Amino acid sequence: MAVQSGIYRGVPAEERVAERRTRLMEATLEVWADPARRTTMTAICAEAGLTERYFYESFSGLDEALRAVLDAIADEIEQLTAVAADEAGDDGVARTQATMRTFVEMIVSDPRKGRVSIVEAGAMPELRQRRTELLRHFAHRAAEEARQWFDLPERTAQEDELAGLLFIGGMAELITAWLDGAVRASADELVAAASHSFLTLYG
């Protein structure tokens, strides 16, 4: 849809479009994360307080909105954990623990992000492939970081990649169980379990 140019109530058109997209992204996250609600464009627009006209201003359809939210969560995880690792210094154990704590605290502070990216995306055929791609991306990142942080002269790159897949797959299952209430654990316990798993696989 073409964007109207000009300034309305002192706000340029580009800023208004960006603000509406932000509202729609937040509404998509809210609706998608709620098992009691159907994730539809109508529900998202109602949550955002916007008409369908504005939905199509930002997205070509529901699948694009869902994928945008999924990718935004992945970007947030990557950016926050990278900063945490860098701030922890050069010690591999400290970097591991800082990374795990940052990830867990993000999920604990907003469980919706864990639910849609790990649980709900896997249940939707149209997003399952993208979820798999993102999990494999993070598995590859785990392998790269382990090779950088730890001295693993006897390990092959393939062995590191396999360990990364095991780690990320295990984390996904752990977070799913925690979100569903099957596992009752504090943030500290989740961080400890995640750190122990990573260090065991790459130790």
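Read along the sequence, the pattern is β-β-α-α-α-α-α-α-α-α-α, giving 9 helices and 2 strands, where helices (H or I, at least four residues) and strands (E, at least two) are DSSP runs numbered from the N terminus. This is a predicted model, with local features needing pLDDT of at least 70, side-chain atom pairs counting only at pLDDT 80 or more, and totals for chains, interfaces and linings using all residues. Residues are numbered from 1 along each chain as its sequence is written, and side-chain values use heavy atoms, leaving out hydrogens and water.

Now to a helix pair. Helix 5 (residues 92-109) packs against helix 8 (residues 157-179) at about 30 degrees, with the axes 12 Å apart; axes are lines fitted to C-alpha atoms, for helices over the stretch in contact, and angles run from 0 to 180 degrees between N-to-C directions. That makes helix 5 roughly parallel to helix 8 (angles under 35 degrees). Met100, Phe103, Ile107 and Val108 of helix 5 meet Phe167, Met171, Ile175 and Trp178 of helix 8, contact being heavy atoms within 4.5 Å.

What are the overall dimensions? The C-alpha trace spans about 60 × 35 × 30 Å along its principal axes.

Terms used:
Parallel < 35°, antiparallel > 145°, perpendicular 65-115°, else oblique.
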